[in-house]
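Here is a friendly walk through a protein model, with an eye for its rings, its cores and its confidence values. Please keep the viewer open while you read.

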Amino acid sequence: MEADTPQIRVDLKGNNGFISFDEVFSEVKYLPLGVNGDKRIQRIDKLFITPEDEFVVVDKQQQRIYRFDSMGNPLYSIYRPGSGPDEYVEISDVAYNEVTGETLILDLGSPGILYFDQHGNFLQKKTSETLKQSGPSFSAHGDRLLFDRGHYPLDGNNLGVFDAGTLDFKASFIPLSNFNIRWGTAMENVFSAVQDTIYYLAPLLYAIYRIPPGGVPEKAY
């Protein structure tokens, strides 16, 4: 699967590690998102593209999640503030699981994770005290949840792995001394190759690390 994944190679050693779209893509198009009134997007904190070429947009300022089709037409929005069994105190972070098609909301105020299907229907809320020690941001990869623990390095490792089904802590990887990332953007530097291999972008080191299935982190580029 990894070999079939398109790759774009860029040189991050020039221009202080920055590169413009024009240097990578031949064409850039802008897609207007069809949201009006009180549901208008105030700020985009995260953006996911689903296998169906739909868009999941996270707006923490509005405490709302939006989903659009490939043309930017609104499909639904998730807005459930509160302390009930199907509500969140605050959206701490959001992850999208490409394998299950579920949208996961991390609510450290509960603490718990709310699960929604691809149509925006509430599925369940799982609570666990271990989430208070997990970190403020996370990413979903199949049966694994990867948390940025850099803000709370309890064991000196940046990334913690939790079981997506039970929320049990499984392992932690990449010591802080070996993995310097930009403050506050850890999970934005995480991406996967069709769920087989997970990559971590370390811009301050001009390097990319990877974790193969069942393997240990290693420097990729």
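Phe138, Phe147, Phe162 and Phe169 are linked into a cluster by ring pairs. Rings of Phe, Tyr and Trp (its six-membered ring) pair if their centres lie within 6.5 Å; planes under 30 degrees apart count as stacked, over 60 as edge-to-face and the rest as tilted. This is a predicted model, in which local features need pLDDT of at least 70 and side-chain atom pairs count only at pLDDT 80 or more, while totals for chains, interfaces and linings use all residues. Residues are numbered from 1 along each chain as its sequence is written, and side-chain values use heavy atoms, with hydrogens and water left out.

Searching the whole structure gives six aromatic pairs. Two of them are set out here.

| Pair | Centre to centre | Between the planes | Class |
|---|---|---|---|
| Tyr66 and Phe68 | 6.2 Å | 20° | stacked |
| Phe162 and Phe169 | 5.4 Å | 65° | edge-to-face |

Tyr66 and Phe68 are both buried; the word means under 20% relative accessible area, with exposed over 50% and partly exposed in between (1.4 Å probe, protein chains only). Phe162 is buried too, at a relative accessible area of 3%, whereas Phe169 counts as partly exposed because its relative accessibility is 39%.

Asp93 belongs to strand S5 (residues 93-97); strands (E, at least two residues) are DSSP runs, numbered from the N terminus. Is Asp93 buried or exposed? Asp93 counts as buried, because its relative accessibility is 4%. Leaving aside residues up to four places away in sequence, Asp93 touches several residues, including Lys46, Lys60, Pro136 and Phe138; such a contact means heavy atoms within 4.5 Å.

Arg64 is found in strand S3 and is buried, with a relative accessible area of 9%. Arg64 lies over the face of Tyr79, 4.3 Å from the ring centre; a charge sits over a ring if NZ of Lys or CZ of Arg is within 6 Å of the ring centre and within 35 degrees of the ring normal. Lys126 is likewise over a ring face, that of Tyr115, at 4.9 Å from the ring centre. The side chains of Arg64 and Ser77 are joined by a polar contact of 3.4 Å (a pair of N or O atoms within 3.5 Å; within protein, one must be able to donate a hydrogen and the other to accept it, and residues adjacent in sequence count only if both atoms are side-chain atoms).

Now to the cores. The largest nonpolar core has 13 residues, and Phe48, Ile65, Ile78, Ile91, Val94 and Ile105 have the most contacts inside it. A nonpolar core is a set of buried Ala, Val, Leu, Ile, Met, Phe, Trp, Tyr and Cys residues joined through side-chain atoms within 4.5 Å. A second, separate core of twelve residues includes Leu106, Leu145, Phe147 and Phe162.

Finally, a word on confidence. The protein has a mean pLDDT (the predictor's confidence in each residue, from 0 to 100) of 77, and 67% of its residues reach 70 or more. Over residues 179-186 the pLDDT is below 50. Where pLDDT is low, predicted coordinates should not be read in detail.

Technical notes:
Helix = DSSP H or I, 4+ residues; strand = E, 2+ residues; numbered from the N terminus.
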